[in-house]
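Q: I have a model open and would like to learn how to read its features one by one. Could we go through it together?

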Amino acid sequence: MAGRVPPSSRPVGTATRGTTNPNRLRRMDRWITAVHAPALLRAAGPPVAVDLGYGAAPWTAVELLARLRRVRSDSRVVGVEIDPARVEAARLYERDGLSFRHGGFEVPLPGGARPLLIRAANVLRQYEEDEVRAVWERLCERLAVPDGLLVEGTCDEIGRRHVWVALGPEGPRTVTFATRLGSLSAPSDLAERLPKALIHRNVPGEPVHAFLRDFDRAWAAAAPYASLGARQRWIHAVRSLSTDWPVTDGPRRWRQGEVTVRWEALAPH
């Protein structure tokens with residue numbers, strides 16, 4: 001039938017609800033531009049980033065380009081969506097360095113180019129836990145080697161709470177917890193934003209449950225610092241937590257309401 005897409009070229013994956021808001025991914029982007037800046041700067045040509053599953057509106061792709069260009073002025077962003085109607089609507093926002101393509105987990109870039117960054121936020125939430133590993137492997141295979149980075153995670157509707165996994169071409173590396181500290185009653189509030197690979201593992205006997213339990217205890221013990229502000233309480237709680245857990249960052253990131261832990265420490269049994 002005319003106009004019908006051959007099965008072999010159909011995008012891989014299913015459409016998300018498409019929910020999106022301006023600045024929803026600012027915490028993730030802030031971490032990316034800080035941690036991935038050296039790779040962006042040493043790229044031989046213009047670094048390409050993919051905003052995978054950007055949703056019903058292209059705000060997150062537009063914002064990602066602006067943030068990456070503060071690090072590297074020739075950065076390029078390609079928004080990839082499995083819903084063709086969303087792609088057509090987004091093309092009104094195309095400009096130098098920003099384009100939109102119809103696709104899914106196959107990440108279709110011109111000439112088979114390998115991106116230096118794939119950001120997949122709130123994409124795997126609707127999948128089953130046992131599907132996550134295959135998606136990760138497929139996306140990691142598309143990354144540039146050796147500096148490619150996949151960031152996959154989940155956040156709330158306005159980006160106050162966010163948890164993501166960072167992966168390189170070899171697989172998962174770290175898990176980052178990020179929050180607007182003024183909205184936090186306890187670190188375990190972030191449990192509802194765990195990515196699909198971890199959210200069903202927040203039960204006794206699993207590492208991520210033990211981590212959040214210990215984080216809550218450290219937060220409670222740091223209560224005397226609350227009079228100095230939530231940031232100081234968070235910093236002291238994370239410093240205490242780092243004596244037993246492999247925290248990979250330091251006070252500079254903690255001040256942003258973040259903490260990053262090695263994946264191996266939280267990986268499901």
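Predicted model: local features only at pLDDT ≥ 70, side-chain atom pairs only at ≥ 80, totals over all residues.

Q: In which sense do β6 and β7 pair, and over how many bridges?

A: Strand β6, residues 161–168, pairs with β7 in the antiparallel sense, over eight bridges.

Q: What is the order of the strands in the open sheet?

A: Strands count as paired when there are at least two bridges between them. Here eight strands make an open sheet in the order β3-β2-β1-β4-β5-β6-β7-β8, and the pairing is mixed. At the edges stand β3 (98–102) and β8; each has a single partner strand, so one side of each lacks a neighbour in the sheet. On average, neighbouring strands of this sheet are turned by 20° against each other, with direction ignored.

Q: How do I read a pair of aromatic rings?

A: Two values describe such a pair: the distance of the centres and the angle of the planes. This structure holds ten aromatic pairs. In one of them, F211 and W245, the ring centres are 5.3 Å apart and the planes stand at 85°; planes over 60 degrees apart count as edge-to-face, so this pair is edge-to-face.

Q: Which parts does the pair of F211 and W245 tie together?

A: F211 sits in helix α7 (residues 207–221), while W245 belongs to the loop between α8 (230–241) and α9 (251–254), so the pair ties together parts 34 residues apart in sequence. Both F211 and W245 are buried. They also belong to one aromatic cluster, formed by F177, F211, F215, W219, W234 and W245.

Q: Is G53 buried or exposed?

A: The cut-off for buried is under 20% relative accessible area. G53 has 19%, so it is buried. This glycine lies in the loop between β1 (48–52) and α3 (59–69). The C-alpha atoms of G53 and T14 are separated by 9.7 Å, with the two residues 39 apart along the chain.

Q: What lines the second largest pocket?

A: Of its 14 lining residues, W31, V35, L149, R173 and T174 are the closest to its centre. At least two lining residues come from each of α1 (26–35), α2 (37–42), β7 (171–179) and β8 (258–262). By class, the lining has five nonpolar, four polar and five charged residues.

Notes: Residues numbered from 1 in each chain as written. Heavy atoms only, no water. 1 Å grid on protein atoms, 1.4 Å probe; cavity = no way out; pocket = protein on both sides within 12 Å on 5 of 7 lines; lining within 4 Å. Helix = DSSP H or I, 4+ residues; strand = E, 2+ residues; numbered from the N terminus. Nonpolar A, V, L, I, M, F, W, Y, C, P; charged D, E, K, R; others polar. Phe/Tyr/Trp six-rings, centres within 6.5 Å; stacked < 30°, edge-to-face > 60°. Buried < 20%, exposed > 50% of the residue type's maximum accessible area, 1.4 Å probe, protein only. Axes fitted to C-alpha atoms, helices over the stretch in contact; angles between N-to-C directions.
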